[in-house]
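Thanks for coming, everyone. Let me put the structure on the screen, and then we will walk through it piece by piece.

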Amino acid sequence: MAEIQATEPDESGIFEKIAQELVEHGYCVLPHALPKDMTLQLQSLIAQLPEENFHKAGVGRNGDLKNDMSIRRDQISWINNETEAGASWLDWTNQLMAYLNRRLFLGLSSFESHFAHYGKGDFYKKHLDAFKGSANRTLSLVTYLNKDWQPIDGGELIIYHPETDKQLTKVLPEFGTLVIFLSEEFPHEVLPAKKERLSIAGWFRINSSQSGYV
Ligand code: OGA
Ligand code: MN
């Protein structure tokens, strides 16, 4: 019988690395993880997006903008496959999802992601991406589109230990670095950026009867 679908190739070995780190630690930070051409395409797409495509994201709950602004300051623009860069990004993340499902039996069924623009001084206070037991966001993914980011530029992602709250890692938002972690487990925050900071944040979900709730 003909194969229904080519299996995810993982030529660079990056999908396997992610799978192993997730099993071992529940999170991973991988520099230069994304295919370079795709990252460059995404970088030029975000640079071309008109300002009106970006909007303030809520933190959930009740749409209280003032409250939201004290928690997060970034502006976001959802990624779809209408552009070449968007389509290759969604294809790559889909292959990653298939790989992780096959390798770790995660049962992930969908992925959504947005560009995020942090201006000077913008931050995202410590938070979890999913509430325990909500069967909602399962795996969080973040990647960065900033060339030559330096420690003095701020804007680091800090990931905390689920139980002890100790700082596990501090990530410079450097071009092509990929961060993946279990959404319900790891509190994390974005320190104030000292200059424009561009990123993509995304979430793999498992199928849930309450889908549609964000
Ligand atoms: C998020 C988030 C981290 C980052 O958007 O939920 O935690 O480093 N982003 O941009
Ligand atoms: Mn987050």
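Let's start at ligand 1. Strand S5 (124–127), S6, strand S10 (188–190) and S11 each give at least two residues to the shell around this ligand. Strands here are DSSP runs of E with at least two residues, helices are runs of H or I with at least four, and both are numbered from the N terminus. S11 gives the most to that shell, with 4 residues.

A quick word on the source. This is a predicted model, where local features need pLDDT of at least 70 and side-chain atom pairs count only at pLDDT 80 or more, while totals for chains, interfaces and linings use all residues. Residues are numbered from 1 along each chain as its sequence is written, chains are lettered from A and ligands numbered from 1 in the order in which they are written, and side-chain values use heavy atoms, with hydrogens and water left out.

Back to ligand 1. How many residues surround ligand 1? There are 13, and the closest are His127, Asp129, Tyr144, His188 and Arg197. To be counted, a residue needs a heavy atom within 4 Å of the ligand.

Now the polar contacts, meaning pairs of N or O atoms within 3.5 Å; within protein, one must be able to donate a hydrogen and the other to accept it, and residues adjacent in sequence count only if both atoms are side-chain atoms. Tyr144 has a polar side-chain atom 2.6 Å from an oxygen of ligand 1. For Arg197 that distance is 2.8 Å. For the side chain of His127 it is 3.2 Å. The protein covers 98% of the 290 Å² of accessible area that ligand 1 has on its own. That area comes from the Shrake-Rupley method with a 1.4 Å probe; for residues, only the protein chains shown count as cover.

Next, the metal. Which residues are the protein donors of the manganese ion, ligand 2? They are His127 through NE2, Asp129 through OD and His188 through NE2, at 2.1 to 2.2 Å. Donors are N, O and S atoms within 2.8 Å of the metal (3.2 Å for Na, K and Ca); water is not among the atoms, so sites may look incomplete. In sequence, the donor spacing reads H-x1-D-x58-H.

Buried means under 20%, exposed over 50%, and partly exposed in between, with a 1.4 Å probe and protein chains only.

On to the inside. The largest nonpolar core has 35 residues, and Ile18, Trp89, Trp92, Leu96, Phe115 and Ile180 touch the most other members. Such a core is a set of buried Ala, Val, Leu, Ile, Met, Phe, Trp, Tyr and Cys residues joined through side-chain atoms within 4.5 Å. H4 brings the largest share, 8 residues. Apart from this core lies another, of 15 residues, including Ala57 and Val179.

Take Trp89. Beyond four places in sequence, its contacts (heavy atoms within 4.5 Å) include Leu34, Met38, Phe111 and Ile200.

Last stop, Asp10. Asp10 sits in the segment before H1. Asp10 is buried, at 14%. The Asp10 side chain reaches the backbone nitrogen of Phe15 at 2.8 Å. Tyr99 is 89 residues away along the chain, yet the two C-alpha atoms are separated by 8.4 Å.

That is the tour.
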